[in-house]
Amino acid sequence: MPVRVITQNVDGLHQLGGMPDRKVLELHGTARSFVCTGCHTRGPMEDALARVEAGEDDPPCLECGGILKSATVMFGEMLDPVVLGEAVAISKACQVFVAVGTSLQVQPAAGLAGVADDHGARLIIVNAEPTPYDDRADEVIREPIGAALPKLLRGLTSGEQPADPPGV
Ligand SMILES: [Zn+2]
């Protein structure tokens, strides 16, 4: 089944773990890139860090001289409306929505679980502590994520495989 990852993490570990970039929606941006606060030019964080190592204390934007920051969403900043819009669309369209390791307390990200449930997805919550969406979930799992996820994914994927490959 097609899989998308909607994450509040900014560390890029989903991609390093093998998930293609286009399948990962980073609601809070990414620390792997820099962005100019003036002209919004972006680039790889390694490039900015290389300039610091080469002696520039606070490397300015090469396009406009503006201030560079990591391309993450800071506390109090709006989420990127394009990314959030895609996340809402995916939540509406998905068949299974698995909320993993989140207290589901911070909006608007937490509301995506509700959007998925409203649109008929099977809602599965994997979290050590209760969340405000537990009542609406089809399944709530309190096990540690490392144990729960492999089991859960085996169950989800085995359901749709044909018993015998066709033509054999
Ligand atoms: Zn700039």
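Helix H4, residues 111–118, is largely enclosed by the rest of the structure, because 6 of its 8 residues are buried. This is a predicted model, so keep in mind that buried here means under 20% relative accessible area. The buried residues in H4 are Gly111, Leu112, Ala113, Gly114, Val115 and Ala116.

What do the buried residues of H4 pack against? Their partners are strands S1 (5–7), S6 (96–100) and S7 (122–126), along with helix H3 (81–93). After H4 comes Gly120, which has a positive phi, near 90°.

Now for the charged side chains. Side chains of opposite charge can pair when their charged atoms come close. Searching the whole structure turns up 7 salt bridges. Asp117 and Asp118 join Arg136 in a network of salt bridges. Here are some pairs, with the N to O distance for each:

| Pair | Distance (N to O) |
|---|---|
| Glu56 and Arg51 | 3.0 Å |
| Arg142 and Asp134 | 2.7 Å |
| Glu143 and Lys151 | 3.0 Å |

How open are these residues? Glu56 is partly exposed at 30% relative accessible area, while Arg51 is buried at 16%. In the next pair, Arg142 is partly exposed at 38% and Asp134 is buried at 14%. For the last pair, Glu143 counts as partly exposed at 33%, and Lys151 counts as partly exposed at 45%.

Zooming out, the domain assignment of the protein chain gives domain 1 (5–9 + 22–27 + 79–158) and domain 2 (29–72). The C-alpha centres of domain 1 and domain 2 are 32 Å apart.

Definitions and conventions:
Residues are numbered from 1 along each chain as its sequence is written. This is a predicted model: local features need pLDDT of at least 70, side-chain atom pairs count only at pLDDT 80 or more; totals for chains, interfaces and linings use all residues. Side-chain values use heavy atoms; hydrogens and water are left out. Buried means under 20% relative accessible area, exposed over 50%, partly exposed in between (1.4 Å probe, protein chains only). Helices (H or I, at least four residues) and strands (E, at least two) are DSSP runs, numbered from the N terminus. Contact means heavy atoms within 4.5 Å. Domain bounds come from an automatic or database domain assignment. A salt bridge is a side-chain nitrogen of Lys or Arg within 4 Å of a carboxyl oxygen of Asp or Glu.
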